[in-house]
Every structure is written in C-alpha cells, then in structure tokens.
Amino acid sequence: CYESVGIKPVYAIQGDSAFLEGGDYIPFGNISIIGCGMRTNMNAISQLFNNDCFGHDTVVVVRDQMLRQDQKHLDSYFNVIDRDLVTMVQNRYMAKENERDFLTCDIYVRNRGQHNDLTGEYVLAQEAVNFRTWLEKMHSCMVTTTLLSLLVTFAQSKASAANSPKL
C-alpha cells in the first residue's frame with residue numbers, strides 16, 4: 001500500500017516465523033531502540049540487522065518478558081520525549097530483576113568496514129543489561145508515569161491554561 005503513494009519500503013520481513021510491528025521501534029539520536037516481545041521477535045530483528053535497515057552504529061534490543069496486551073509494544077511502556085528525556089511506565093521502571101515487568105536489553109554495535117564506513121556486521125557487545133540502568137548511563141532523565149498520573153497531569157494543565165490570562 002505504501003508504493004501506491006510513492007513510498008518504497010526499505011525492506012519487507014520474510015517468512016512466517018518473523019514478526020515486526022512499528023510500535024516496537026524508536027530512534028534515539030544516533031541509536032536505534034527496538035522491542036523484542038509480544039509483537040516483534042528476534043527472527044525479524046535479525047533480518048533487519050542482516051539487511052542493514054537500522055542506519056545506526058548502535059542498536060539496543062529491549063527484551064520484554066511480560067507479554068501483556070496493554071503493553072505489547074515498546075512505545076506503550078517507554079518513549080523518548082527529547083534527546084535527554086525519556087518516559088517509562090511506573091511498573092517497568094520500578095521492577096526488580098526477578099519480576100516479569102523487569103526489562104533487560106542487548107546492545108549491538110556495528111563493526112566498521114575496512115574504510116571506516118558503516119558496512120560492517122552488527123555484533124552483540126553487551127547482553128542482558130538492565131534497561132533502566134543503561135538509560136541512566138546515557139544521561140537520560142526518566143519520567144515515570146501511570147495512566148492515572150497522566151490524566152491528572154493533563155487535567156491540571158488544562159485547568160492552568162483555562163485560568164491563565166489571555167495575551
């Protein structure tokens with residue numbers, strides 16, 4: 001359907017055992033972050049690696065073990081607000097290592113080609129890293145949210161805007 005509006009896809013995932021959905025991909029500066037869980041699996045992510053679809057030297061694969069429908073995509077429990085500000089739902093942020101909500105990530109880096117170009121293969125540099133800790137090391141401020149706190153914040157913003165003097 002994209003081709004009907006003049007957009008050529010970069011790559012089409014192949015095979016019945018490979019699954020990929022857009023809500024599991026988030027670009028973050030010069031890093032790609034992709035969720036691996038309920039709707040996107042490692043078979044599809046491997047195809048993206050093998051066909052050079054990321055366009056970044058570093059790819060972070062977030063491992064989701066919870067597999068809950070309401071948090072089925074990476075962007076339903078984590079998102080980027082600005083280059084140094086991210087948000088994560090509270091149950092994921094507060095999770096301990098032995099809990100299902102706990103997130104780990106695998107960090108892949110691309111080897112540089114012989115002319116220092118971006119043609120090298122991706123290799124696993126770190127495995128099972130605490131995702132929250134990795135984000136904090138990236139100097140990201142973290143905002144945790146719950147649906148209730150989002151609704152309260154939204155309501156407070158609307159009330160404040162309604163009571164502000166009009167310019």
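D57 counts as partly exposed, at 23% relative accessibility; buried means under 20% relative accessible area, exposed over 50%, and partly exposed in between, with a 1.4 Å probe and protein chains only. This is a predicted model, where local features need pLDDT of at least 70 and side-chain atom pairs count only at pLDDT 80 or more, while totals for chains, interfaces and linings use all residues. Residues are numbered from 1 along each chain as its sequence is written, and side-chain values use heavy atoms, with hydrogens and water left out.

Back to D57, then. Its partner in a salt bridge is R110, a salt bridge being a side-chain nitrogen of Lys or Arg within 4 Å of a carboxyl oxygen of Asp or Glu. R110 sits in strand β6 (residues 104-110) and D57 in the loop between α1 and β3 (58-63), so this pair ties together parts 53 residues apart in sequence. Helices (H or I, at least four residues) and strands (E, at least two) are DSSP runs, numbered from the N terminus.

The structure holds seven salt bridges. Side chains of opposite charge can pair when their charged atoms come close. Here are some of the pairs:

| Salt bridge | Closest N and O atoms |
|---|---|
| E21 and R39 | 3.3 Å |
| R110 and D57 | 3.6 Å |

E21 and R39 salt-bridge across the chain: E21 is in the segment before β1 (25-28) and R39 in the loop between β2 (31-36) and α1 (42-50), 18 residues apart. E21 is partly exposed at 28% relative accessibility, and R39 is partly exposed at 27%.

D106 is buried, with a relative accessible area of 5%, whereas R63 is partly exposed at 22%. There's also a network: salt bridges that share partners join D52, D57 and R110.

Now for D64, which is found in the loop between β3 and β4 (78-82). Is D64 buried or exposed? D64 is buried, with a relative accessible area of 5%. The side chains of D64 and R92 are joined by a polar contact of 3.1 Å; that term covers a pair of N or O atoms within 3.5 Å where, within protein, one must be able to donate a hydrogen and the other to accept it, and residues adjacent in sequence count only if both atoms are side-chain atoms. Leaving aside residues up to four places away in sequence, D64 touches C36, G37, Q71, Y77, R92 and L103, with contact meaning heavy atoms within 4.5 Å.

Stepping back to the whole protein, there are four helices and eight strands, in the order β-β-α-β-β-β-α-β-β-α-β-α along the sequence. Of the 167 residues, 35% count as buried. Among contacts with a separation of 6 or more, 63% come from residues 24 or more positions apart.
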